[in-house]
Amino acid sequence: MERTGCAVVGGGPAGMMLGLLLARAGVEVTVFEKHGDFLRDFRGDTVHASTIRLIDELGLGDGFRNLPQSRLNNVAFPIPGAGLVTLGDFASLKPPYNYIAMMPQWDFLNFLATEAAREPTFTLLMEHEATSLMFDGDGFDGGRVTGVRYRTRQAGGEPASEGALHADLVVATDGRHSVLRRAAGLQPKNYPVPFDTWWFRLPRHASEKGAVAGIVPAFREGEAMIALFRDDYYQMGYIGPKGADARIRAEGVERFRERVAALRPDLADRVDSIRSIDDLHWLDVRLDRLRRWYVDGLLCIGDAAHAMSPAGGVGINLAVQDAVAAAARLGPALLRGHVGVDDLAAVERRRRMPTVVVQTVQRIMHRAVFVPLFAGKRSGVPRILLFFVRNAPVVRRIMPRMIAFGPRPEHAPAFARRAQPREAR
């Protein structure tokens with residue numbers, strides 16, 4: 001019978017960080033990732049200062065800084081009718097945590113996977129997709145979660161194989177469409193979101209090479225777009241009103257090329273690389289939060305517990321902080337051989353406040369920025385608030401720290417800390 005101490009379902013930032021931390025505690029941990037690699041185009045690229053500090057506490061700072069990346073030294077947001085408003089200038093923060101690192105997420109995940117693989121109790125199962133939960137009773141009302149059922153891909157078109165893994169604890173980090181939270185009967189509360197995002201690529205010419213990663217926003221009445229830098233292409237995100245996918249596709253590729261050229265005239269010479277409307281990958285943006293993050297034997301963290309809007313780019317950071325809090329509480333409990341409902345509740349209590357704070361800020365941003373943008377109106381941000389953001393010294397000190405570290409940043413538990421390798425110093 002296959003068995004592990006903790007089964008972590010989902011190889012994103014929360015899942016990989018949790019796997020690394022629990023393995024460093026000596027817990028037998030198995031991470032499931034349904035894909036064969038981490039090369040997903042449409043994941044976030046931001047690694048916030050609180051996560052960089054955590055990486056240093058784990059003794060991995062030199063390796064992390066050697067990854068291809070660039071530094072975001074401030075966060076500025078175009079506000080309709082108010083121009084470009086700087087929400088956070090990180091120069092006011094104490095080095096070396098006075099920036100946000102911009103890097104392709106697959107590099108970050110590969111880095112965490114490589115470091116976790118050094119731990120003898122860590123197992124990463126690629127191309128293993130969790131399909132359901134196992135219980136010691138009849139369904140989620142009939143007992144404790146005791147493991148996961150999964151299927152694996154087979155090469156050469158062979159039928160997928162199926163299996164089951166028993167675990168002392170299952171942690172769902174399988175995202176906003178979490179299979180496991182649905183299997184456990186956990187229901188999120190949904191909040192309105194005024195926009196969706198359509199992702200696509202544009203070529204990046206050799207003469208434009210420079211920063212490995214960065215963000216360039218562009219706004220005009222009724223629509224917006226961001227560009228993320230890759231080695232040889234731009235990862236573009238078109239931001240439009242929620243529910244517009246059918247209309248955008250019905251308008252056709254030529255009309256979409258015109259939209260891109262109008263928002264980014266400097267990239268108009270390459271819009272023909274959008275061959276068809278099928279090159280657009282629609283992201284149904286959601287903002288939700290579970291009323292309860294756990295049942296006996298199962299805990300949800302990251303997007304599985306609280307799907308975040310892209311507004312502010314904080315989803316990755318919040319998910320990583322969830323993983324740290326979970327590892328700090330659950331690592332010792334798993335080593336004792338019993339994780340109780342009180343342990344799971346303690347993790348939720350610790351992380352609920354930061355989640356509520358961040359999602360409240362995102363909901364304000366939606367109403368103040370995106371709703372007026374799509375309605376062709378001035379920003380809903382009061383002028384007095386804009387004045388304080390731009391001019392008040394206290395606000396200019398607090399805002400950068402809140403963006404870079406977030407509410408209630410976590411520190412690496414003592415059992416996971418390692419000294420920097422001597423040869424890397």
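**Exercise 1.** Decide whether tyrosine 150 is buried or exposed, and then describe the aromatic pair that contains tyrosine 150.

*Solution.* The classes are set by relative accessible area, with buried meaning under 20%, exposed over 50% and partly exposed in between (1.4 Å probe, protein chains only). Tyrosine 150 has a relative accessible area of 9% and is therefore buried. The model is a predicted one, in which local features need pLDDT of at least 70 and side-chain atom pairs count only at pLDDT 80 or more, while totals for chains, interfaces and linings use all residues. Residues are numbered from 1 along each chain as its sequence is written, and side-chain values use heavy atoms, with hydrogens and water left out.

Next, apply the pairing rule: rings of Phe, Tyr and Trp (its six-membered ring) pair if their centres lie within 6.5 Å, and planes under 30 degrees apart count as stacked, over 60 as edge-to-face and the rest as tilted. This rule gives eight aromatic pairs. In one of them, the ring centres of phenylalanine 32 and tyrosine 150 are 5.4 Å apart and the planes stand at 50°, so the pair is tilted. Phenylalanine 32 belongs to strand S2 (residues 29–33) and tyrosine 150 to strand S10 (residues 145–152), so that the pair links distant parts of the chain, 118 residues apart; helices (H or I, at least four residues) and strands (E, at least two) are DSSP runs, numbered from the N terminus. Phenylalanine 32, at a relative accessible area of 2%, is buried as well.

**Exercise 2.** Classify the pair formed by phenylalanine 64 and phenylalanine 108, and state which helices it ties together.

*Solution.* With 6.2 Å from centre to centre and 85° between the planes, the pair of phenylalanine 64 and phenylalanine 108 is edge-to-face. Because phenylalanine 64 lies in helix H3 (residues 61–65) and phenylalanine 108 in helix H4 (residues 105–116), the pair ties together parts that are 44 residues apart in sequence. Phenylalanine 64 is buried at 0% relative accessible area, and phenylalanine 108 counts as buried at 1%.

**Exercise 3.** Which backbone features mark proline 96 and glutamate 127?

*Solution.* Begin with the peptide bond from proline 95 to proline 96, which is cis, with omega near 5°; proline 96 is placed in the loop between strand S6 (83–89) and strand S7 (100–102). Glutamate 127, although not a glycine, has a positive phi of about 55°, and sits in the loop between strand S8 (122–126) and strand S9 (128–135). At 33% relative accessibility, glutamate 127 counts as partly exposed.
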